[in-house]
Amino acid sequence: MKLQRKNRRALALGALAVSGALALTACGSDDTGSNASGTSSASANTGSVKCDDAKGQLLADGSSAQKNAIDAWVKQFTAACKTVQINYKGSGSGAGVTAFTQGQVAFAGSDSALKPEEVTASKSVCKGGQGIDLPMVGGPIAIAYKLDGVDSLVLDAPTLAKIFDGKIAKWNDAAIKKLNPGVTLPDLKIQAFHRSDESGTTDNFTKYLIATTPDNWKYSGGKAWQAKGGQSAAGSSGVAAGVKQTNGAIGYMELSYAKDGLGTVAIDTGASAPVKASSDGATKAIADAKVVGTGSDLALKMNYLTKADGAYPITLVTYEIACDKGNKAETLAATKAFLTYIASEEGQGILSGIDYAPVPADIIAKVRTTIAGLS
């Protein structure tokens, strides 16, 4: 009898150990999933959510172009790390950089790399360090339009520059007709929408025009819109709403906003065929970029003159801006955990499905190494 009781006890303990192990496995698999071989993605080190000691509230602000990506990431991250709250405003790149250099946010999003004076300003916030640029999101800047009866439209850089500078005023202009043989274009005024706030989307769009057609775009560029005339709206969402409500309108916005009845322009780059905005096209363009940042800064320089087939030239890279050293102790763990997740294979893998472009593998590998060293 004693032996039987001992055996029953051993069996019960063994069952408890197995159930405990299964429970731990289940906890891990809720957020990480499994790969084709049946092992959890955490054990395969594919970059699933790791909360570590993250807790508290993270305030962040900046690029509205990446807002939809940030929202998707926050949903996944906070489902796993319930001790963290993330509030990303998406007020625009200019507002984000200002908030960062004034110490109001843990990190910022910007569609333009930090300027030298902004790096200098960041040193007062990043004690013993400075703000650095971490390329995290690729985004094709779609040229979206609403033009009743016109389902496809091709434009090139000179024509775009003239439209947004008010030099081409009607949709049936000869320059537009030449690029669109067989398309019936209406005798209708063009309503060009641009950003009213300081915007990295504006900066990147005008960099494209400056690089490709300097004779037709004589402005110096930057986050603030410089051309006269046209309609203005705040944020990518505001530009999208303005174009959507106006027949004959055209505007520039991140691709994820170019939906619900808006057409997107195919760009004649000199490649074998005009290129429409797409995640794949943006990734091809980013792959042709050069890292120009120094030290742990990973700022990129885009090649807007690319003629590679399928490469979409009007592409921006959104940077997450953080201190390399001197991050606030109360937000460091949560900042690192969130940035680690969004740079992971899982985090980057979300992007294509929501009209963004993953950062090419060789660049994002450097980003992960840099994030691991934040202090």
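**Close-up views of a predicted model**

View 1. Phe 338 counts as buried, at 0% relative accessibility (buried means under 20% relative accessible area, exposed over 50% and partly exposed in between, using a 1.4 Å probe and protein chains only). Phe 77 is buried too, with a relative accessible area of 0%. A search of the whole structure turns up ten aromatic pairs. In the pair formed by Phe 77 and Phe 338, the ring centres are 5.3 Å apart and the planes sit at 80°, so it is edge-to-face. This pair links distant parts of the chain, 261 residues apart: Phe 77 belongs to helix H2 (residues 67-80) and Phe 338 to helix H10 (residues 329-342). Rings of Phe, Tyr and Trp (its six-membered ring) pair if their centres lie within 6.5 Å; planes under 30 degrees apart are stacked, over 60 edge-to-face, and the rest tilted.

**View 2. An aromatic cluster.** Here you can find Phe 164, Phe 205, Trp 217, Tyr 219, Trp 225 and Tyr 252, which form one aromatic cluster.

View 3. Val 275 lies in strand E11 (residues 275-276); helices (H or I, at least four residues) and strands (E, at least two) are DSSP runs, numbered from the N terminus. With a relative accessible area of 7%, Val 275 is buried. Leaving aside residues up to four places away in sequence, Val 275 touches Val 265, Ala 266, Ile 267, Thr 269, Gly 310, Ala 311 and Tyr 312 (contact means heavy atoms within 4.5 Å). Asp 309 is 34 residues from Val 275 in sequence, and their C-alpha atoms are 7.9 Å apart.

**Notes for all views.** This is a predicted model: local features need pLDDT of at least 70 and side-chain atom pairs count only at pLDDT 80 or more, while totals for chains, interfaces and linings use all residues. Residues are numbered from 1 along each chain as its sequence is written, and side-chain values use heavy atoms, with hydrogens and water left out.
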